[in-house]
Amino acid sequence: MKNKYPFLDGLRTIAILMVFYEHIHYFVLLDHFKPLEEKWTSDLYFYFFNTWHWDLSGQLIWFDELIHRPSTGQGTLGVDLFFVISGFLITRILAGNCEGGLQIGRFYVHRFLKIYPSYFALIIGTFLYLFLIGHSQINYLGKELPWYLLFFQNVQGQIIQSLGHTWSLVVEEQFYFFYPLIAFIVFKSCSSASLRRNALMLVAILVIMIAPFLRYYYHFENNTAMATLYHFDALALGCLLALNEGLLISIRHLKFLGLAFWLIGASLYVYLMFIFKWADGWRAWYAYDLSGLAALSIFLAGYLGVSTFSSLGVIQWIGRRSYGIYLWHLLILTVFLPFRDRMSPGLLIVLFIPAAILMGIVSSFTVEKYFLNLRQKLIP
């Protein structure tokens, strides 16, 4: 079956890179890299100064501050982009054009066979690794494992470092547990497709409106940063896009509008990635609204034909394996961390990124592919 939305695969790769950025920045500890003290940067500086009379000291200071600035939230940008894409695709799968009936049981089984096998493989791999190296976190196995198996680790809090990113899977799975039930009520209550669409749109709009208030009044208290209700609005944005796809199709020829959305999205991402101070932004509830707006804008740009980087074939190929890459990347990074004092941060990063992508590809072509084929045979 031909992929109707190839640009989404490219956006998934962009989302993965944002998550990589935060985790590399946070775990690799780039304090070891000091551009103002490196010989090659000093030589480069004096070359430009003596040859072209360019004083780049200001740029070097900015780069030094960028490398060593706190990085505790940029991965959320990638996660929110995943959420918007997921909300869009799941709404199309579940509700379609809002005509006919819902196959909720089929939806749940399809979702289970897509998400759970690879996720369980990660949990097994993580605890096997912790056991082999004799890590103290293996002692939490009995206490923590039920939370991970039931997708409630964002309620309990997370102790296992290499599974820390799985809170985002919890948000998605909890959302997709309730969403079909809400859709079922709407489909039973409304007789026409237009009424169903309007009702689902109303629900999505209410979620989008409520989430900022929750972030404002319960900002990061008792682990709320990973709470499901904190991030429902990004998924709801994707749902809203799918429910209005007829409108999107009608304006698809307006390339200038796509360019405008791209500029808005790219500008917001630059601001949130490199200018916004996430260390102070732990209580800046609006950062998540800006993140959702950036994801919405870059999605619309791609839908309207302005995708640039995300349109490259290799980027889209990687994006189609993004679930496996996302799942395994933090464990792979954890494996590399003991070597961070014995090699330069640059070398560690150069080794880690291909290894994480390769592990994700292996997972996609083994565990994920096997269960997707099984799903096709059992419930086409």
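Modeller: Let's start with contact, which means heavy atoms within 4.5 Å. On that basis, residues 24 or more positions apart account for 80% of the contacts in the protein with a separation of 6 or more. Keep in mind that this is a predicted model, where local features need pLDDT of at least 70 and side-chain atom pairs count only at pLDDT 80 or more, while totals for chains, interfaces and linings use all residues. Residues are numbered from 1 along each chain as its sequence is written, and side-chain values use heavy atoms, with hydrogens and water left out.

Biologist: How many helices and strands are there in the protein?

Modeller: There are 16 helices and zero strands. Both are DSSP runs numbered from the N terminus: helices are H or I with at least four residues, strands E with at least two.

Biologist: Why does Glu173 count as buried?

Modeller: Buried means under 20% relative accessible area (exposed is over 50%, partly exposed in between, with a 1.4 Å probe and protein chains only). Glu173 has 11% relative accessibility, so it counts as buried. This residue lies in helix α8 and touches Arg111, Ile115, Tyr116 and Phe151, leaving out residues up to four places away in sequence. Over the whole protein, buried residues make up 48% of the 380.

Biologist: How do you know that the span of helix α1 agrees with its number of residues?

Modeller: The expected span is 1.5 Å times one less than the number of residues. For the 22 residues of α1 (residues 6–27) that should be 32 Å, and the end C-alpha atoms are 32 Å apart, so the two agree.

Biologist: And what makes α1 largely enclosed by the rest of the structure?

Modeller: 17 of its 22 residues are buried, so the description holds. Thr13 is in α1 and is buried, with a relative accessible area of 5%. Beyond its neighbours within four places in sequence, Thr13 is in contact with Ile315, Ile318 and Gly319. Thr13 and Phe82 are 69 residues apart in sequence but 9.7 Å apart in space, C-alpha to C-alpha.

Biologist: What makes a set of residues a nonpolar core?

Modeller: The members must be buried Ala, Val, Leu, Ile, Met, Phe, Trp, Tyr or Cys residues, joined through side-chain atoms within 4.5 Å. The largest such core has 75 residues, and those with the most contacts inside it include Leu8, Tyr269 and Phe352. A second, separate core of 18 residues includes Phe151, Leu163, Trp328 and Leu331. As for Phe352, it touches Phe20, Ile24, His329, Ile332, Leu333 and Phe336, not counting residues up to four places away in sequence.

Biologist: At what angle do α12 and α13 pack?

Modeller: Helix α12 (residues 255–275) and helix α13 (residues 286–303) pack at about 145°, with axes 7 Å apart. Those axes are lines fitted to C-alpha atoms over the stretch in contact, and angles run from 0 to 180 degrees between N-to-C directions. Among the residues that meet are Trp262 and Tyr269 in α12, and Leu290 and Ile298 in α13.
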